[in-house]
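Reader: I'd like to learn how to read a model like this one, feature by feature. Can you walk me through it?

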Amino acid sequence: MMNRRKFLAQMGVGMLGVSMAGSLWAERGESASRSSSTLPRTSSGAVPGNTGANGKVVVIGGGMAGTTVAKYLRLWGGSGVEVTLVEPNANYYSNIFSNMILTGEKTRSQLAFNYGALASKYGVTLVTKSVKAIESHQVVLDDGNKLPFDRLVIAPGIQFDALPMSGSAGNQDRVVHAWNGFSKTASGQYQIDALQAQIKAMTKQDTFILTIPAKPYRCPPG
C-alpha cells in the first residue's frame with residue numbers, strides 16, 4: 001500500500017495526481033445493522049492540514065473503488081484537496097458475504113452501508129445524483145448542475161445486460177445472475193431475493209446450474 005509520503009511525491013507541488021493500488025476497503029459510514037455486521041473496516045485518521053497539494057477531485061461511483069479513492073485522497077492529500085463523490089444511491093450494498101443471504105444467514109439490510117463517515121470524518125462532499133455527461137473539466141449532473149474538477153476518477157462499477165435467450169421481461173425475471181445481487185429484476189425485485197426464492201422453491205427433480213464467466217472476470221475468488 002502506498003504511504004502518504006510517496007503519494008505526495010507523485011503529485012508534486014500544486015499538482016494533483018491520483019495513484020491508487022490494491023483492494024482497500026473504504027469506510028462508508030454506519031451499517032444499517034452495525035452490531036451484526038462483520039464487514040472489515042480500515043483504520044480511520046484525522047485529515048491533515050494543507051500538505052501542499054491543492055485541487056478539486058470529482059469521484060464518480062460510490063462502490064469500493066470510488067469510496068476508497070475519496071477517503072485516501074483526503075487522508076493523504078490534506079485539506080487543500082477538495083473531494084466530491086457522485087453516487088445516485090444513498091446506500092451501498094456490499095457484495096461481500098451476499099451469498100450468506102441465499103443461505104438465510106444474513107439479511108439484505110445487514111449488508112447496507114451509508115456514506116456518513118466519508119462526509120463527517122473525512123470531509124468528502126456527497127452528491128446523490130446521476131451523471132449525465134462529462135465536459136471539459138466539468139461533470140454534468142442529471143439535474144443540470146455542473147461540478148468543476150481538476151482531476152476526475154471514474155469508478156461506476158458494472159452493469160449486466162439481459163441474456164439474448166431470456167427474451168421477455170418475465171423470462172428475464174426467471175434467469176437471474178445475482179452477480180451484483182442488489183441490482184433489480186425487470187419486475188423491480190432485488191436479484192439476490194429472487195435467486196433466494198428460486199432456491200427455496202426447488203424440488204428434488206429440479207436442477208441448479210452454478211458457473212462462472214470466462215477469464216478474465218471480476219473477483220476471481222468468487
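Author: Strand β7 (residues 138-141) and β8 pair in the antiparallel sense, over three bridges. Two strands count as paired if DSSP finds at least two bridges between them. Strands are DSSP runs of E with at least two residues, helices are runs of H or I with at least four, and both are numbered from the N terminus. Within this pair, Q138 stands opposite P148 in β8.

Author: A word on the ground rules. This is a predicted model, where local features need pLDDT of at least 70 and side-chain atom pairs count only at pLDDT 80 or more, while totals for chains, interfaces and linings use all residues. Residues are numbered from 1 along each chain as its sequence is written, and side-chain values use heavy atoms, with hydrogens and water left out.

Reader: Which strands form the open sheet that has antiparallel pairing?

Author: Three strands, in the order β6-β7-β8. β6 and β8 are the edge strands with a single partner each, so one side of each has no neighbour in the sheet. From one strand to the next, the twist averages 20°. That angle is taken between axes, which are lines fitted to C-alpha atoms (for helices over the stretch in contact), and angles run from 0 to 180 degrees between N-to-C directions.

Reader: And what is the strand order in the open sheet with parallel pairing?

Author: That sheet has four strands, ordered β5-β2-β1-β9. Its edges are β5 (125-127) and β9 (151-154), each with a single partner strand, so one side of each is left without a neighbour in the sheet. Neighbouring strands here are turned by 20° against each other on average, direction ignored. As an example of the pairing, β2 and β5 run parallel over three bridges, and V86 stands opposite V127 in β5.

Reader: Let's move to charges. How many salt bridges does a search of the whole structure find?

Author: First, the general idea: side chains of opposite charge can pair when their charged atoms come close. The cut-off used is a side-chain nitrogen of Lys or Arg within 4 Å of a carboxyl oxygen of Asp or Glu. The search finds four. One of them joins the side chains of E82 and K56, at 2.8 Å from N to O. E82 lies in strand β2 (residues 81-86) and K56 in strand β1 (residues 55-60), so the pair ties together parts that are 26 residues apart in sequence.

Reader: Which residue does D193 meet in a salt bridge?

Author: D193 meets R108, at 3.0 Å from N to O. This pair links distant parts of the chain, 85 residues apart: D193 is in helix α6 (residues 191-200), and R108 is in the loop between α3 (99-102) and β4 (112-114).

Author: E135 and K146 also form a salt bridge, with the closest N and O atoms 3.4 Å apart. E135 lies in strand β6 and K146 in strand β8 (residues 146-148), so this pair ties together parts that are eleven residues apart in sequence.

Reader: Is E135 buried, exposed or partly exposed?

Author: Buried means under 20% relative accessible area, exposed means over 50%, and partly exposed is in between (1.4 Å probe, protein chains only). At 37% relative accessibility, E135 counts as partly exposed. K146 is partly exposed too, at 42%.

Reader: What about helices? How many residues of α2 are buried?

Author: Twelve of its 14 residues, which leaves α2 mostly covered. Among them are V69, Y72, L73 and W76. For length, the expected span is 1.5 Å times one less than the number of residues. For the 14 residues of helix α2 (residues 64-77) that should be 20 Å, and the end C-alpha atoms are 19 Å apart, which agrees. After α2 comes G78, whose phi is positive, near 90°.

Reader: Where else should I look for a positive phi?

Author: F97 has a positive phi near 75°; F97 lies in the loop between β3 (91-93) and α3. H137 is not a glycine either, and its phi is positive at about 55°. H137 sits in the loop between β6 and β7, and at 45% relative accessibility H137 counts as partly exposed.
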